[in-house]
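Thanks for coming, everyone. Let me put the model on the screen, and then we'll walk through it.

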Amino acid sequence: MSTAVSLENVTKVFRLEPRGPRGLKALVLDPRSLFRPAPRRVFCALDRVSLSLARGETLGVIGANGAGKSTLLALIGGILRPTSGSVRVAGRVAPLLELGAGFSHELTGRENAIVNGLLLGRRRRDVDRSLDAVIEFAGIEEFIDEPLKSYSSGMRARLGFAIAVQAHPDVLLVDEVLSVGDAAFRARSLDRIAEMSRAGATILFVTHDLELVSRVSDRVAWLDRGALAALGPPEEVVASYRAEARVRPRAESALFALARERAASAESA
Amino acid sequence: MSSTTSPLPGDATLATRLSRGLGLLPQQCELVAALVARELKLRYRGTALGIVWSLANPLAFCLVLYLAVRHVMRVEIEDYPLFLLSALFPWQWLSSSVNSASTLFTSNVSVIKKLPLPRLSLCLSSVLAETIHFGVTIPVFGALLWIAHGTPPPLVWLAGVPLLVLIQTVTTVSLVLAIATANVFLRDLEQLVRVLLLLVFYVTPILYPLSMVPADLHWLVALNPVGPLVVAWRALLLDGTLSPWIAIAAVHAVWLSAVAFLVHHRAGWRVPEAV
């Protein structure tokens, strides 16, 4: 089995903006600041992560907000450069980090589909050839020559997803984008991802849907504050993630409490 | 630290990286062509006159300057409107490219943060869209010259125009790439560039001929990256001569592209994080 994606000891440190006046203002207020570097504030988004994916493998990535999931995909997608360690990818990558990234609202769906296909590294003739399939998959035949500003957000998302999957990438990166669109489109997207996987595409997807991740992935990676907490069979990793997540305060618990309160007061009335 | 897109297995040597880069070239050309088409479509969508508007700005500017310099300040320069336009058209190309450079990356955040877009393509397409606007002005200038002088544009244009277009494209793309990258880290640049452009406009022989500049100050015109270009354009368009200033313009293009490459190389990869 050939390796499609391999990360070796990948660390990504972001520099945060220094506090206080910056730029020319800082120079005028304190000319010596030019020679005295500002105290550097950094944030370590990924900490010595190593993993390797075989061609055709599907990896689900789970973890709390800010755990480094999106940074991981951006590194594999070639958008960010690792601070240390190495990232290797065999073949063409289609990063689907945000549906409709790079769309112009004034242009039509068709014009956007062409520019976006090229942005994903495809040749013009391939883009033109697959245009009908994109339109068909997105289900927006009658709107394709309308400007994008007249699209609903669901339509825009469908078009963005259709362009990425019709690009036939070797590696598809999907970041939390399947939560948009209606149930039918979501089901069709998952079918399509499974089909691509069978055809040999390597897929990494980030999600908070633990049901989905157990059902679709070959392996699951759990990121915890930048470190790889677990990597292995979906059931095991999801189970240990669930056990860990339960002891931490949950963001939605306040909302549940409110709902319970409301239900109780409705009953008593 | 290795390249993100190197194929498995093994490390990429310079030769394989170069050959891979050349392999990407046709695709990058198609991308740039599509981005230029998008830029032009976006600008003129819904306008009745379309690309004709690219003539309106320099022509209106020319009229104002003509009235001010010729009739208010009473400076005697032969053929003043044509004299002005021969420098204003190329100046317009450079200044509008450089003016939009500061916000080129900061206003395309979604593309830069979410797609592995070669930032050079973005700069190139922005400048090439302006180059097309400039291309429209050349036949217009030729026609005006024909009407005024009764002779068609000289054949030397066929060599001179492509040569100067090439030099100015390299100069402008280099300035745009360096400014767009630097502005991500130092946002003051946007305001600074606007002021500097205004300054450069007046120290460049656009409103006045090079002959009005004292000979011992010609080095100042030569040092300004835009000066030799404008002098060369005017010599070509107005007098039909290939001026020696073309060589100085080419030297500026070379060192500016080296600076732009350095800025891009050192700071470019941090743009998606910092923008």
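Start with a term: two residues are in contact if their C-beta atoms, placed from the backbone, lie within 7 Å. One more: helices (H or I, at least four residues) and strands (E, at least two) are DSSP runs, numbered from the N terminus.

This is a predicted model, where local features need pLDDT of at least 70, side-chain atom pairs count only at pLDDT 80 or more, and totals for chains, interfaces and linings use all residues. Residues are numbered from 1 along each chain as its sequence is written, while chains are lettered from A and ligands numbered from 1 in the order in which they are written.

First, helix α9 of chain B, residues 227–239. Its 13 residues reach 17 Å from first C-alpha to last, close to the 18 Å expected at 1.5 Å a residue. That expectation is 1.5 Å times one less than the number of residues.

Buried here means 20 or more other C-beta atoms within 10 Å of the residue's own; exposed means 12 or fewer, and partly exposed is in between. Among the buried ones are P228(B), W233(B) and R234(B). What covers them includes α3, α5 (119–149), α6 (157–185), α8 (218–223) and α10 (245–267) of chain B. Just after the helix, G240(B) takes a positive phi of about 65°.

Next, the core. A nonpolar core is a set of buried Ala, Val, Leu, Ile, Met, Phe, Trp, Tyr and Cys residues joined through C-beta atoms within 7 Å. The largest one has 129 residues, and those touching the most other members are I76(A), L96(A), L172(A), L173(A), V176(B) and A232(B). Its largest share, eleven residues, comes from helix α3 (residues 80–101) of chain B. Take L96(A): leaving out residues up to four places away in sequence, its contacts include F161(A), A164(A) and V177(A).

Now the sheet in chain A. Three strands form an open sheet, ordered β2-β1-β4, with antiparallel pairing. Two strands pair if DSSP finds at least two bridges between them. β2 (41–54) and β4 stand at the edges with a single partner strand each, so one side of each has no neighbour in the sheet. Five bridges join β1(A) to β4(A). T11(A) stands opposite S84(A) in β4(A).

Last, the interface. 33 residues of chain A are in contact with 29 residues of chain B. On the chain A side, the elements giving two or more residues are β1 (3–16), α1 (23–29), β4 (84–89) and α3 (109–119).
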